[in-house]
Amino acid sequence: MKQVNEVRISKYIIKETMEDWLDFIDQDVIIVGAGPAGMSAAYYLASAGLKTTIFERRLGFGGGIGGGAMLFHKIIIEEPANQILDEIHVKYKRLEEGIYVVDTAELMAKLASAAIDAGARIINGVSVDDVIFRENPLRVAGVAVEWTATQIANLHVDPIFISAKAVIDATGHDAEIISVASRKLPELNIMIPGEKPAYSEIAEELTVENTGMVAPGLYAAGMAVTEVKALPRMGPIFGSMLMSGKRVAELIISDLQIVKK
Ligand code: 48F
């Protein structure tokens with residue numbers, strides 16, 4: 001085997017990491033959360049040529065997919081979200097007309113792989129805890145990021161800031177980024193009424209329909225949408241999470257006036 005000493009290994013890692021971080025500093029789109037909605041959005045945004053990075057708090061990806069339903073390793077996907085499964089080569093089994101079941105590990109791995117192959121970055125162990133804003137016109141213009149480990153250690157460390165033309169809150173049930181924007185920028189008039197209990201039949205469609213901009217520069221996708229729009233939850237059916245990611249990508253591509261090649 002080729003020999004390399006530990007100091008050279010360290011130098012390579014530091015240099016390569018810093019080059020990436022200098023590149024992250026300004027993005028077309030920052031997605032917060034590598035769950036199903038965030039990764040689906042990243043896949044479509046990067047496929048359209050947008051410089052897209054996901055910051056994910058945990059050392060992994062998949063968000064709520066991995067937990068399946070009560071830790072069972074299966075989730076349900078319904079039409080037309082199976083078309084996304086086809087695009088990213090996830091195998092599924094038909095249970096009844098328009099209703100399918102997938103393995104959680106395969107969906108997590110292939111969603112991440114599709115997003116990365118399209119050109120998106122997924123950066124683990126980094127939490128977003130604030131937004132950047134600009135006035136005239138008032139808009140969200142980026143995020144503040146911090147190591148998750150720093151937060152867990154409860155250290156007071158200033159973050160670094162990253163600019164973006166669009167920020168997507170794909171943090172799931174807590175809608176963390178929209179919450180902080182709502183609290184710190186009341187002039188944006190963002191209300192967060194919170195999600196309703198489960199009503200799967202209507203929740204899926206409503207979540208996709210209500211996906212989109214909540215304030216200039218700030219978008220909601222996935223379960224963050226149910227929190228902001230007071231929609232019902234749906235449990236372990238994930239079609240709307242994938243479709244919501246696709247829809248937010250389409251809206252941002254249109255808002256940023258990206259011309260498809
Ligand atoms: O929770 P999550 O999977 O959100 P989602 O994409 O999908 C929701 C479903 O999993 C499920 C459901 C569907 O029926 O009800 O709950 O809307 O993924 C959110 C990801 O965001 C990360 C978190 O670790 C998770 O992987 N996250 C949350 N807050 C932050 C964050 C933050 N402030 N900074 C970075 N990552």
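Trainee: In which strand does leucine 218 lie?

Mentor: A word on the basis comes before the answer: this is a predicted model, in which local features need pLDDT of at least 70 and side-chain atom pairs count only at pLDDT 80 or more, while totals for chains, interfaces and linings use all residues. Residues are numbered from 1 along each chain as its sequence is written, and side-chain values use heavy atoms, with hydrogens and water left out. Helices (H or I, at least four residues) and strands (E, at least two) are DSSP runs, numbered from the N terminus. On that basis, the strand that holds leucine 218 spans residues 218-220 and is β11.

Trainee: Is leucine 218 buried or exposed?

Mentor: Buried means under 20% relative accessible area, exposed over 50%, and partly exposed in between, with a 1.4 Å probe and protein chains only. The relative accessibility of leucine 218 is 0%, so this residue counts as buried.

Trainee: How far apart in space are leucine 218 and valine 140?

Mentor: Along the sequence, 78 residues separate leucine 218 from valine 140. In space, their C-alpha to C-alpha distance is 5.9 Å.

Trainee: Where does glutamine 27 lie, and is it buried or exposed?

Mentor: Glutamine 27 belongs to strand β1, residues 26-32. Its relative accessible area is 5%, and therefore glutamine 27 is buried.

Trainee: With which side chain does the side chain of glutamine 27 make a polar contact?

Mentor: A polar contact is a pair of N or O atoms within 3.5 Å; within protein, one must be able to donate a hydrogen and the other to accept it, and residues adjacent in sequence count only if both atoms are side-chain atoms. A polar atom of the glutamine 27 side chain lies 3.3 Å from the backbone oxygen of phenylalanine 24. The side-chain partner, at 3.0 Å, is threonine 53.

Trainee: Where does proline 137 lie?

Mentor: The peptide bond from asparagine 136 to proline 137 is also cis, with omega near 0 degrees. As for its place, proline 137 is in the loop between β7 and β8 (139-147).

Trainee: What is the phi of leucine 71, and is this residue buried or exposed?

Mentor: Leucine 71 is not a glycine, yet its phi is positive, at about 70 degrees. The residue is found in the loop between β2 and β3. Its relative accessible area is 73%, so leucine 71 is exposed.

Trainee: In which loop is alanine 230?

Mentor: Alanine 230 is a residue other than glycine with a positive phi, near 55 degrees. Its place is the loop between α8 (223-229) and α9 (239-255).

Trainee: How many residues surround the ligand?

Mentor: A residue is near a molecule if one of its heavy atoms lies within 4 Å of it. The closest to the ligand are Glu56, Gly64, Val128, Met223 and Gly235. The residues that surround the ligand number 27.

Trainee: How do the residues of the shell around the ligand divide?

Mentor: Ala, Val, Leu, Ile, Met, Phe, Trp, Tyr, Cys and Pro count as nonpolar, Asp, Glu, Lys and Arg as charged, and the others, Gly among them, as polar. By this scheme the shell divides into 13 nonpolar, 10 polar and four charged residues.

Trainee: How far is an oxygen atom of the ligand from a polar backbone atom of glycine 235?

Mentor: An oxygen atom of the ligand is 3.4 Å from an N or O atom in the side chain of arginine 58. For a polar backbone atom of glycine 64, the distance from a ligand oxygen is 2.7 Å. For a polar backbone atom of glycine 235, the distance is 2.6 Å.

Trainee: Which element gives the most to the shell around the ligand?

Mentor: The elements that give two or more residues to this shell are α2 (36-47), β2 (52-56) and β7 (126-134). The one that gives the most, with three residues, is β7.
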